[in-house]
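Colleague: I am new to reading structures. Could you take me through one, feature by feature?

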Amino acid sequence: MRTTTVVIGAGHSGLAASYFLSARGIDHVVLERGEVANTWRTERWDSLRLLTPNWQVTLPGLAYDGDDPDGFMTVPELVGFIDRYARLVNPPLHTLTTVTSVRPDVEGYEVVTDRGVWRCRSVILASGGFNLPKVPPIAAALPDSVRSVTPLEYRRPSDLDDGGVLVVGVSATGIQLAEEIHRSGRPVTVSVGEHVRMPRIYRGRDIRYWMDVTGVSDERYDEADDVHRARQVPSPQLVGSPERKTLDLNALTDQGVRMVGRLAGVRDGKAQLSGSLHNKVTRSDLKMNRLLTTIDEWVTENGLDRRYEPPHRFERTRLEPSPPLLIDLAKENIRTVLWATGYRPDYSWLHVPVLDYKGRIRHDGGVATGSPGLYVIGLNFLRRRKSSFIHGAEDDARDLVDHLAAYLEARVPVGVG
Amino acid sequence: MSTGDINGVDTAHLLFARGVVGDTPAAGDYTWRASNEWVHGTHSKTQIDGYFGLGEERNHKGTYEFEADHPLEFNAEDNAATPVEIVLAGLASCLTAGVAAVAENREIKLRSVKATLEADMNIGGILGADPDVRNGFNDVRVNYEIEADDTSEADLEALVAQSQKISAVFDIMTNPTNVTVSVG
């Protein structure tokens with residue numbers, strides 16, 4: 001089978017790409033291993049809501065139009081929204097079609113699936129950045145009495161054994177799961193590594209509102225101070241909840257969750273914890289305050305101080321003076337370690353020499369390096385700080401399809417606008 | 001990005017090095033070396049000259065020597081600082097270098113950077129008096145006093161926080177490390 005462009009993945013990014021490809025009349029297919037929005041349907045926990053408020057849930061050609069703009073969609077609601085988007089875009093969609101190999105061939109690329117082979121001039125990888133859990137090698141040293149669980153398998157607290165739970169990581173996933181597991185009566189200890197603290201609401205508005213109006217969300221990858229580092233920044237400590245609550249380490253401490261340092265090793269049934277906890281929370285407090293200062297300065301520069309609630313600062317993260325450095329897992333009855341240590345894309349089927357030594361795609365704002373016609377979309381800070389959010393897909397998909405169209409016309413690599 | 005005209009740290013060079021190491025991780029491998037010889041009692045001398053880095057054997061400009069001994073109350077001669085105090089010197093020097101480098105990168109002109117360090121230890125551990133007491137430090141405190149041009153308290157605090165993040169000795173002291181000691 002032949003087409004011009006194969007889009008791999010029918011999540012919000014792949015559908016947004018299809019929207020712009022259709023608008024330009026570029027012949028393409030969208031291949032999806034499951035159903036539309038498959039990862040959201042099958043690989044997320046029950047209580048999860050989107051981190052962005054409803055008013056911000058927009059895709060090219062479709063904006064949220066419900067009656068709760070300040071609320072946060074549950075996963076079924078989001079799946080419903082993306083389904084509706086799929087009906088609107090009406091892409092040439094092949095569901096239940098798993099890509100098993102992509103490799104270069106004379107004309108472009110050969111895409112092998114379990115339902116036939118496609119030959120095309122260009123490929124857009126929209127298979128997502130969150131396919132596999134990143135679990136550190138020290139997990140292998142856990143004693144048999146402790147069960148290792150990743151957020152991809154986790155659905156609800158009652159799936160876990162009774163007893164204590166060590167949640168490793170305090171980004172969005174870690175803090176949300178720590179809270180609900182602790183509430184279920186399983187005492188939680190959280191291991192605190194690098195994290196980005198953010199209040200849900202500041203000066204009466206959602207933090208995502210502030211990041212949009214101040215231009216932080218739109219900061220471009222080629223204008224960022226250090227995009228290499230920015231792409232590795234963990235997802236902010238945010239939760240979407242009906243009460244629009246802020247869930248930070250202080251909130252967890254108030255609920256009785258114990259804070260310990262980064263998990264540095266496991267030896268003889270004991271978790272070894274880094275002594276760097278104070279530094280981790282200080283850096284994160286300072287960084288949050290810099291963001292709040294950016295917001296305050298923007299408000300003042302625009303003469304809007306009377307429009308919003310007055311500026312204020314949040315309590316610093318509270319810690320005990322000397323947090324524990326060792327936890328005897330058996331003695332403390334810790335039965336589960338939950339690895340909220342991040343996700344990574346799965347490119348095991350990508351046989352194109354574009355991966356670096358860590359298995360990441362080398363790309364310039366989504367244009368794969370050294371493999372003309374290959375694109376990737378939906379990764380952290382791909383082209384803009386908002387790239388990995390739902391509403392980040394529109395600008396990125398438009399830019400990349402523009403580039404792709406120019407490539408098809410010129411058949412030579414062209415610069416990204 | 002500065003080539004060192006603010007505080008004398010060539011951060012442009014450091015970022016260039018990061019680019020090289022980022023592309024070929026093995027290029028970042030270093031092996032540090034020291035040799036130590038017993039003098040008398042608890043007094044010993046350590047010499048440092050060669051090391052391996054950036055793909056080849058390298059030498060310092062000269063041979064550096066560090067002496068260590070133990071204090072008089074241990075019936076030692078106190079010819080030099082105790083090894084644990086030298087560890088503090090290592091931590092301080094590493095963090096201060098980091099403060100200067102981060103300041104350079106953030107274009108902060110430093111006037112003065114002073115650190116005081118304290119480490120608590122109970123010698124019941126090394127004396128074998130109580131197996132539940134660890135040999136090493138149970139708490140380390142570092143305090144910085146920094147004067148810099150036109151820099152807020154929060155920015156100074158951020159300098160110190162960032163220097164911990166990029167410090168080798170801070171990592172060595174806060175995380176476990178495998179140590180193998182052989183004979184012969």
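**Two helices in chain B**

Modeller: Start with a pair. Helix 2 (residues 83-105) of chain B packs against helix 3 (residues 153-165) of chain B at an angle of about 120 degrees, and their axes lie 8 Å apart. Keep in mind that this is a predicted model.

Colleague: Which two quantities describe packed helices?

Modeller: The angle between the axes and the distance between the axes. Here, the angle is about 120 degrees and the distance is 8 Å. Angles of 65 to 115 degrees count as roughly perpendicular, and those over 145 as roughly antiparallel. Helix 2 of chain B and helix 3 of chain B are therefore oblique to each other.

Colleague: Is the crossing of helix 2 of chain B and helix 3 of chain B left-handed or right-handed?

Modeller: That crossing is right-handed.

Colleague: Which residues meet there, between helix 2 and helix 3 of chain B?

Modeller: Helix 2 of chain B brings Leu95(B), Gly98(B), Val99(B), Val102(B) and Ala103(B). Helix 3 of chain B meets them with Leu159(B), Val160(B), Gln162(B), Ser163(B) and Gln164(B).

Colleague: Let me step back. How many helices and strands does chain B have?

Modeller: Four helices and five strands. Read from the N terminus, their order is α-β-β-β-α-β-β-α-α.

Colleague: How is chain B divided into domains?

Modeller: Domain 1 covers 31-80 and domain 2 covers 82-176 of chain B. The C-alpha centres of these two domains are 21 Å apart. The C-alpha trace of chain B spans about 50 × 40 × 30 Å along its principal axes.

Colleague: What share of the residues in chain B is buried?

Modeller: Of its 184 residues, 18% are buried.

Colleague: Now sheets. What holds the strands of a sheet together?

Modeller: Strands pair through backbone hydrogen bonds, either parallel or antiparallel. In chain B, three strands form an open sheet in the order 1-2-3, with antiparallel pairing. Strand 1 (35-40) and strand 3 (56-68) of chain B are at the edges. Each has a single partner strand, so one side of each lacks a neighbour in the sheet. On average, neighbouring strands of this sheet are turned by 10 degrees against each other, direction ignored.

Colleague: How many bridges join strand 1 of chain B to strand 2 of chain B?

Modeller: Five, and strand 2 covers residues 43-53 of chain B. Take one case: Ser35(B) has Gln47(B) in strand 2 of chain B as its bridge partner.

Colleague: And where can I see parallel pairing?

Modeller: Go to chain A. Strand 1 (residues 5-8) and strand 9 of chain A pair in the parallel sense over four bridges. Ile8(A) has Leu125(A) in strand 9 of chain A as its bridge partner. Strand 9 of chain A also runs parallel to strand 24 (residues 374-376) of chain A, joined by three bridges. There, Ile124(A) has Tyr375(A) as its bridge partner.

Colleague: Are the faces of strand 9 of chain A buried or exposed?

Modeller: Both faces of strand 9 (residues 122-125) of chain A are covered. Ser122(A) and Ile124(A) are buried on one side, Val123(A) and Leu125(A) on the other.

Colleague: One last residue. Why does Thr74(A) count as partly exposed?

Modeller: Count neighbours. A residue needs 20 or more C-beta atoms within 10 Å to be buried, and 12 or fewer to be exposed. Thr74(A) has 16 C-beta neighbours inside 10 Å, so Thr74(A) counts as partly exposed. Thr74(A) lies in the loop between strand 4 (62-63) and helix 3 (75-89) of chain A.

Terms used
Residues are numbered from 1 along each chain as its sequence is written. Chains are lettered from A and ligands numbered from 1 in the order in which they are written. This is a predicted model: local features need pLDDT of at least 70, side-chain atom pairs count only at pLDDT 80 or more; totals for chains, interfaces and linings use all residues. Domain bounds come from an automatic or database domain assignment. Two strands pair if DSSP finds at least two bridges between them. Axes are lines fitted to C-alpha atoms, for helices over the stretch in contact, and angles run from 0 to 180 degrees between N-to-C directions. Angles under 35 degrees count as roughly parallel, over 145 as roughly antiparallel, 65 to 115 as roughly perpendicular and the rest as oblique. A crossing is left-handed if the near helix is turned anticlockwise from the far one by less than a right angle, and right-handed if clockwise. Two residues are in contact if their C-beta atoms, placed from the backbone, lie within 7 Å.
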